[in-house]
Amino acid sequence: MIRINDGEERWVHGTGKLEYDKQGNPIRMHGAIQDITERKRTEEALRESEEKFRSLAENTSDVIAIMDLQGTITYMSRKIEDETGYKKEEIEGVNIQKILTPASYNIAMNRIQKRLSGENITIPFEVAIKNKTGHLTPFELNTSAVTKDGEITGIEIVARNITERKKAEEALIESENRFRSLLQDIPSISVQGYQMDGTVIYWNEASEKLYGYTCEEALGQNLLDLIIPPEMLERVKEEIGSMSESRKAIPPAELSLLRKDGSQVSVFSSHTILNRDGNTPELYCVDLDLTKIKNAERLNRLQYNLIQASINTKNLEDLFESVKNELNSLIDVKNFLVAFYDEESGSLSAKVDNDEKDQIPEWPLEKSLSGYVIRQNKPVLLRKNEIKRLHEEGIIELFGTTPEVWLGVPLKVEGNILGTIVVQNYDNADVYDQTSVEIMELVAHELSIFIDRQRSEEKTNKLSRAVEQSSVSVVITNREGCIEYVNTFFTKLTGYRLEEAKGKNPNLLKSDHQSKAFYKELWATILSGNDWEGEILNKKKNGELYWVKTVISPIVSNEGVITHFVSIEQDISERKKMLEELVTAKEKAVESDRLKTRFLNNMSHEIRTPMNGIIGFSDMLDEPGLSEERRKYYSKIIQNSSHQLLRIIDDILEISTLETKQEKTIESEFCLNDFLMEIFSIFNLKSKERNIPLYLKKGWHDDQSYIISDKTKLNKIVSNLMENALKFTNEGYIELGYYIENENLKLYVKDTGIGISPKNHRKIFDRFSQEDREIANKHGGLGLGLSISKENAQLLGGDITLQSEKGQGSVFLITLPYKPADKSHTNKTGETVEDSEMNKPFTILIAEDEEVNYLFLEALFEANGDRNYQLIHAINGKEAVDICMENQKIDLVLMDIKMPVMNGHEAADKIKSKCPKLPIIAQTAYSTETDRQLALKHGCDDFISKPIHKEKLFNTIDKYLMGK
């Protein structure tokens with residue numbers, strides 16, 4: 001650089017040559033200079049431009065590259081290192097083919113050739129670039145020509161990583177496919193696509209179901225020809241034209257559109273307009289089927305009206321009329337029937353019967369259409385051909401005119417069938433459908449709720465009356481123990497009226513007999529939510545002490561909080577007195593028993609026991625001064641011991657004959673009722689000694705009960721089972737009876753004794769086997785009885801089976817072939833057919849808790865051949881009241897006065913209050929005039945004292961039945 005005269009600096013290019021002297025020293029230089037200032041300025045500008053380009057290329061987020069026309073990369077920005085893992089220096093100088101897939105390389109080179117041929121291509125294109133590990137990354141490339149002196153010398157490339165964009169595009173495509181699949185498969189929303197002239201271009205499966213046209217049938221058709229009713233055509237054309245011009249959808253609306261079968265369906269229709277391929281709009285309709293919603297609205301309205309009717313209606317007849325009126329607006333009810341089922345008679349009776357053709361007040365349940373519904377336990381919709389098919393298959397019988405269509409729904413309360421509600425049509429088989437079934441189900445449900453509520457009210461009223469009229473004391477207190485309610489018997493027992501007891505603590509009855517610890521434990525029990533049961537000595541208002549058996553139970557709210565306590569108290573003063581006497585007697589007996597010798601638990605023991613009784617009491621008969629009563633008592637013991645010894649010997653001998661197959665049967669004809677009565681009479685005395693009730697249940701009247709069998713062996717079998725039942729039953733009852741089933745005679749002995757574990761059911765029939773040695777030691781026995789009984793039953797062609805659980809009693813069932821004696825001249829009641837027609841039975845209710853007394857009365861009635869009687873047995877007063885309330889055919893009541901649960905006086909009062917004309921004859925062991933007047937005061941019409949005489953009984957009965 002030099003400076004010229006005006007001070008301007010100029011770039012020059014100089015060349016020169018030194019000239020040297022002989023000694024080699026420079027003496028002068030010859031040279032020339034050239035002004036290169038403009039060239040330097042051009043080079044500087046180029047350098048600055050290149051630095052700017054490189055700076056831009058190195059800092060952009062895209063990859064910048066330059067390649068020559070052969071594809072060799074002459075420049076590559078460092079961004080390539082982040083995208084591929086290659087160093088910049090590894091790429092520059094190599095062909096672009098190194099980092100492109102073959103397909104991408106072909107695309108790139110094709111673009112270069114088009115550039116070289118003069119085409120101006122500005123649209124970017126996509127390629128796949130390989131990184132150093134071989135992984136492919138999508139890039140979008142923009143290319144431009146690099147020129148020099150007007151000639152293309154290379155290609156500049158801007159490459160942008162489009163991985164995220166490609167993912168977004170794929171997600172969008174997946175979303176669109178999912179949306180299309182959703183629209184196609186969604187079952188409840190109908191979607192259709194149309195061109196703006198109405199031509200169908202999309203039709204999903206829901207549209208097929210809604211309108212009846214398949215997709216193939218609908219595509220290419222015009223919606224105006226498919227689903228638009230004639231009255232809507234002009235309006236729809238205008239709306240389509242409006243949407244085509246404005247590109248705005250009309251507001252959604254509820255429409256009634258046509259189906260393929262010509263019917264109309266209500267839909268809620270909404271629209272949207274989509275632009276496709278530039279400016280071509282498409283109309284999409286989304287239709288929601290309103291059929292179920294409309295039906296649901298109608299059902300809700302029906303249910304509301306039915307609920308209102310059931311609230312405002314007090315009886316079933318008025319409610320049925322309201323139901324019919326409500327149904328009239330929804331389904332055809334010209335023929336409307338409500339029938340109730342009577343389980344006792346097995347028949348159906350019409351409570352409401354509005355029918356065009358037939359009026360049938362009552363018909364048998366079996367094989368009727370209503371009976372078919374009850375057996376199915378679900379709604380049944382039948383067309384005429386289906387009804388005839390059921391008839392041809394023998395499933396139903398036809399009653400009255402066969403309808404074209406029949407719809408029946410069961411009336412149910414808590415799973416129990418009450419009857420049916422039915423509609424039918426004689427003209428149109430299509431008048432009822434599934435919607436009709438749903439409507440009738442709703443009606444049946446509401447009717448059942450009404451009936452259930454009525455029953456609950458009756459039950460509540462009955463419970464309230466039962467508590468109020470109960471023969472035990474009932475007290476209800478709050479959580480703190482303050483009395484809120486006492487029943488009538490409480491007043492009768494304690495002397496305190498409700499007004500006196502209300503708000504007080506039950507300790508007003510406290511006698512101070514129980515300790516503070518006793519009451520503390522009582523309160524701790526009931527406050528913990530448990531029942532307390534025990535005996536308390538209380539004090540009446542007049543100061544008299546009395547014992548009560550008390551059960552106190554907490555009353556818990558729905559939230560599980562104890563709100564009240566209920567105390568039920570039974571006066572056991574007399575029982576306590578009796579128990580004290582029994583304890584004293586038992587102590588004396590135990591003391592006496594300790595003096596007896598303990599017997600060995602073996603055969604010698606079993607034989608010596610009765611021998612001791614026989615020998616010992618035989619000697620005592622010789623004692624001087626022995627009273628006649630004691631002599632009879634000792635004689636009875638000797639007889640019993642002899643029978644016991646004889647049974648032991650018989651068992652041993654019989655086992656021997658059974659073992660050797662020498663035992664034979666000797667059949668004879670005998671009356672089974674008399675046979676069982678003999679056994680009952682024997683064991684009834686023993687059961688009374690143990691205070692165990694014994695019942696006899698006869699399956700037939702005497703004239704029907706003649707059979708052919710081995711009476712002696714049958715006696716052994718039944719007597720042995722009765723002995724065991726009595727031996728192992730400490731409380732409850734024993735029942736002896738029989739019935740006929742499948743040509744077999746089934747005799748049974750049922751008890752509530754200690755029971756037998758199922759695992760020992762087979763074992764106890766083995767010889768010398770007993771379930772529990774401890775119990776066997778207590779009760780004695782050889783363990784042969786059941787084995788002998790079973791083998792004898794098998795000799796008679798039958799067997800003995802057992803139903804029992806430990807601690808839950810036992811039922812021994814003797815199954816024998818039923819061989820009736822020839823009594824073909826009698827019917828089920830023992831009368832001749834002619835007598836049965838001319839001598840209609842009188843129904844007599846006998847209220848008697850003692851089985852022997854009832855059997856005696858039963859024998860008297862059966863022996864009286866002048867009239868025919870049907871007897872019903874009630875074992876207490878409450879049962880007698882219930883039977884009279886339910887059975888309107890009772891002609892007379894024989895009422896025992898002293899009975900458990902409810903006495904005869906109270907029962908007579910209740911029966912007369914509901915059945916004032918029903919004769920009641922009191923029969924009691926109390927025979928004073930005072931007793932007679934008391935019975936008459938309580939509603940009895942007459943009075944018979946025990947023991948009952950046959951002539952007196954029937955004279956009194958005839959006095960009340962002669963006019964009937």
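**Close-up views of a predicted model**

Figure 1. Lys 237 and Glu 234 both belong to helix 9 (residues 233-246), where they sit three residues apart, about one turn of the helix. In this predicted model, the two residues form a salt bridge whose closest N and O atoms are 3.9 Å apart. Lys 237 is partly exposed, with a relative accessible area of 43%. Glu 234 is exposed, at 52%.

Figure 2. The side chains of Lys 549 and Glu 533 meet in a salt bridge, with an N to O distance of 3.2 Å. Lys 549 is in strand 24 (residues 545-556) and Glu 533 in strand 23 (residues 532-539), so the pair ties together parts that are 16 residues apart in sequence. Lys 549 has a relative accessible area of 28% and is partly exposed. Glu 533, at 53%, is exposed.

**Figure 3. Other salt bridges.** Asp 261 and Arg 259 are joined through their side chains by a salt bridge of 3.1 Å, N to O. Asp 261 counts as exposed, at 56% relative accessibility, while Arg 259 is partly exposed, at 23%. Elsewhere, a network of salt bridges links Glu 126, Glu 140, Arg 165 and Lys 166. The structure holds 31 salt bridges.

**Figure 4. Packing of helix 26 against helix 30.** Helix 26 (residues 851-863) and helix 30 (residues 950-961) pack with their axes 11 Å apart and at an angle of about 70°. The two helices are therefore roughly perpendicular to each other. Helix 26 contributes Leu 857, Leu 860, Phe 861 and Ala 863 to the contact, and helix 30 contributes Lys 950, Leu 953, Phe 954 and Ile 957.

**Figure 5. Surroundings of Trp 406.** Trp 406 lies in strand 19 (residues 405-413) and is buried, with a relative accessible area of 4%. Leaving aside residues up to four places away in sequence, Trp 406 touches Leu 369, Ser 370, Val 373, Val 380, Leu 381, Leu 382, Ile 387, Val 422, Val 423 and Gln 424. Trp 406 and Leu 369 are 37 residues apart in sequence, and their C-alpha atoms are 9.0 Å apart in space.

**Figure 6. Two residues with positive phi.** Asn 377 is not a glycine, yet has a positive phi of about 60°. Asn 377 is in the loop between helix 12 (369-376) and strand 18 (380-383) and is partly exposed, with a relative accessible area of 36%. Val 901 also has a positive phi, near 70°, in a residue other than glycine. The loop holding Val 901 runs between strand 35 (892-896) and helix 28 (904-914). Val 901 is exposed, at 54% relative accessible area.

Figure 7. Ile 33 is placed in strand 4 (residues 26-35) and counts as exposed, at 62% relative accessibility.

**Figure 8. The chain that holds these views.** The secondary structure comes to 30 helices and 37 strands. Of the 964 residues, 39% count as buried. The chain exposes about 55800 Å², and carbon and sulfur atoms supply 50% of this area. Among contacts between residues at least 6 apart in sequence, 53% join residues at least 24 apart.

Key:
Residues numbered from 1 in each chain as written. Predicted model: local features only at pLDDT ≥ 70, side-chain atom pairs only at ≥ 80, totals over all residues. Heavy atoms only, no water. Helix = DSSP H or I, 4+ residues; strand = E, 2+ residues; numbered from the N terminus. Buried < 20%, exposed > 50% of the residue type's maximum accessible area, 1.4 Å probe, protein only. Contact = heavy atoms within 4.5 Å. Areas by Shrake-Rupley, 256 points an atom, 1.4 Å probe, with all protein chains shown as cover. Axes fitted to C-alpha atoms, helices over the stretch in contact; angles between N-to-C directions. Parallel < 35°, antiparallel > 145°, perpendicular 65-115°, else oblique. Salt bridge = Lys/Arg side-chain N within 4 Å of Asp/Glu carboxyl O.
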